[in-house]
Amino acid sequence: VQLQASGGGLVQAGQSLRLSCAASGIIGSINVMGWYRQAPGKQRTLVAAQTSGGVTNYADSVKGRFTISRLNGKNMTLQMNSLNPEDTAVYYCNAKLGLTVYWGQGTLVTVSS
């Protein structure tokens, strides 16, 4: 089982990035796919998630700026607009199948002011 995240990088405040996550080796339907982030010295927190039925959930800090999309059952993107330095973190993709949770390796997003 592997979750491969990509798309991170260094951008200036106000710019955009799109992260992608591809799941492989997973047999069965993924119930929820999501993105979490962890800034230096802070806990990992939810950024956005989407169920297989299309229900989405966003952290208050990213509502209106970030959009999660599941392209099919095992791929998703996170469109991040109007980035600010507070968005700087390692972003992890996450997949839940029943009680089992899988994590990707993380992709670094750095936003300069």
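I started with Arg 44, whose charged end sits over the ring of Trp 103, 4.6 Å from the ring centre. I keep in mind throughout that this is a predicted model. Arg 44 also lies over the face of Tyr 92, at 3.6 Å from that ring's centre.

**Entry: the rings**

How many aromatic pairs does a search of the whole structure find? My search turned up two. In one of them, the ring centres of Tyr 36 and Trp 103 are 5.0 Å apart and the planes meet at 70°; I call the pair edge-to-face because that angle is over 60 degrees. I then looked up where the partners sit: Tyr 36 belongs to strand E4 (residues 32-38) and Trp 103 to strand E10 (residues 100-103), so I noted a link between distant parts of the chain, 67 residues apart.

Next I took Tyr 92 with Trp 103, again an edge-to-face pair, with 6.5 Å from centre to centre and 85° between the planes. Here Tyr 92 comes from strand E9 (residues 89-97) and Trp 103 from strand E10, and the two are 11 residues apart. I wrote down Tyr 36, Tyr 92 and Trp 103 as one aromatic cluster.

**Entry: accessibility in the cluster**

Is Tyr 36 buried or exposed? I found a relative accessible area of 16%, so Tyr 36 goes down as buried, the limit being under 20%. Tyr 92 is buried too, at 14% relative accessibility. Trp 103 has 39%, which makes this residue partly exposed.

**Entry: Thr 107**

I moved on to Thr 107, in strand E11 (residues 107-112). With a relative accessible area of 11%, Thr 107 is buried. What does Thr 107 touch, leaving out residues up to four places away in sequence? I listed Ala 5, Ser 6, Gly 7, Gly 8, Leu 19, Ala 89, Val 90 and Tyr 91. I looked again at Gly 8: its backbone nitrogen lies 3.1 Å from a polar atom of the Thr 107 side chain.

**Entry: Ala 22**

My last stop was Ala 22, which I found in strand E3 (residues 17-24). Its relative accessibility is 31%, so I marked Ala 22 as partly exposed. Setting aside neighbours within four places in sequence, I see Ala 22 in contact with Gln 2, Leu 3, Gln 4, Lys 74 and Asn 75. I also checked Ala 22 against Val 32: they are 10 residues apart in sequence, and their C-alpha atoms are 13 Å apart in space.

Terms used: Residues are numbered from 1 along each chain as its sequence is written. This is a predicted model: local features need pLDDT of at least 70, side-chain atom pairs count only at pLDDT 80 or more; totals for chains, interfaces and linings use all residues. Side-chain values use heavy atoms; hydrogens and water are left out. Helices (H or I, at least four residues) and strands (E, at least two) are DSSP runs, numbered from the N terminus. Buried means under 20% relative accessible area, exposed over 50%, partly exposed in between (1.4 Å probe, protein chains only). Contact means heavy atoms within 4.5 Å. A polar contact is a pair of N or O atoms within 3.5 Å; within protein, one must be able to donate a hydrogen and the other to accept it, and residues adjacent in sequence count only if both atoms are side-chain atoms. Rings of Phe, Tyr and Trp (its six-membered ring) pair if their centres lie within 6.5 Å; planes under 30 degrees apart count as stacked, over 60 as edge-to-face and the rest as tilted. A charge sits over a ring if NZ of Lys or CZ of Arg is within 6 Å of the ring centre and within 35 degrees of the ring normal.
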